[in-house]
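Here is a short report on one protein model. Read it with the structure open beside you.

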Amino acid sequence: MLKLIFMINRAEGMSYERFVDHHRNRHAPLFTSIPEADRYVRKCTVSHPVPAGNYPPRAYDGMTEIWFDDWEDHDAFFASENYRTLVNPDEARFIDMESVAVMVTEERKVI
């Protein structure tokens, strides 16, 4: 299983609340609406920090995690016309694209 983790911050001038609303209620449904998501994506989650008094302040405003079976499915999804014309343009509407951090990983179960 190939996992991509995108750590994201909100676009300049956007409130945190508006960012979370857009990520959860607009972008995620747009992402899942394209047939390629059902075909190639095994799991997609969106997460946002919660208050955690004994931990450092949040470093990012949100996270998106996307799982694929393999690189072929990854490539097919991101090359699809629906992703390129519908989903990708929406990302720049609410994400500070210059601050995105990405981790590509394979999960190894420990417990």
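The largest pocket is lined by 19 residues, and Phe 6, His 27, Thr 64, Ile 66 and Glu 91 lie nearest its centre. On a 1 Å grid over the protein atoms alone, a pocket is an open set of points with protein on both sides within 12 Å along at least five of seven lines, and lining residues have an atom within 4 Å of a point. β1, α1, β2, β3 and α4 (81-94) each give two or more residues to this lining. Helices (H or I, at least four residues) and strands (E, at least two) are DSSP runs, numbered from the N terminus. The largest share of the lining, 5 residues, comes from α1. By class, the lining has 13 nonpolar, 5 polar and 1 charged residues. Here Ala, Val, Leu, Ile, Met, Phe, Trp, Tyr, Cys and Pro count as nonpolar, Asp, Glu, Lys and Arg as charged, and the others, Gly among them, as polar.

The model is predicted: local features need pLDDT of at least 70, side-chain atom pairs count only at pLDDT 80 or more, and totals for chains, interfaces and linings use all residues. Residues are numbered from 1 along each chain as its sequence is written, and side-chain values use heavy atoms, with hydrogens and water left out.

Now the sheet. Its 4 strands form an open sheet in the order β2-β3-β1-β4, with antiparallel pairing. Two strands pair if DSSP finds at least two bridges between them. β2 (41-47) and β4 (101-106) stand at the edges with a single partner strand each, so one side of each has no neighbour in the sheet. Strand β1 (residues 2-8) runs antiparallel to β4, and 6 bridges join them. In this pair, Met 7 stands opposite Ala 101 of β4. Helix α1 (residues 16-33) packs on the sheet and touches β1, β2 and β3 (62-68). Contact means heavy atoms within 4.5 Å.

Next, the helix pairs. Two packed helices are described by the angle between their axes and the distance between the axes. Axes are lines fitted to C-alpha atoms, for helices over the stretch in contact, and angles run from 0 to 180 degrees between N-to-C directions.

| Helix pair | Angle | Axes apart |
|---|---|---|
| α1 and α4 | about 175 degrees | 10 Å |
| α3 (residues 71-79) and α4 | about 55 degrees | 5 Å |

α1 and α4 are therefore roughly antiparallel, whereas α3 is oblique to α4. Angles under 35 degrees count as roughly parallel, over 145 as roughly antiparallel, 65 to 115 as roughly perpendicular and the rest as oblique. Where α3 meets α4, Phe 77, Phe 78 and Ala 79 touch Glu 81, Tyr 83 and Arg 84.

Note on methods. 1 Å grid on protein atoms, 1.4 Å probe; cavity = no way out; pocket = protein on both sides within 12 Å on 5 of 7 lines; lining within 4 Å.
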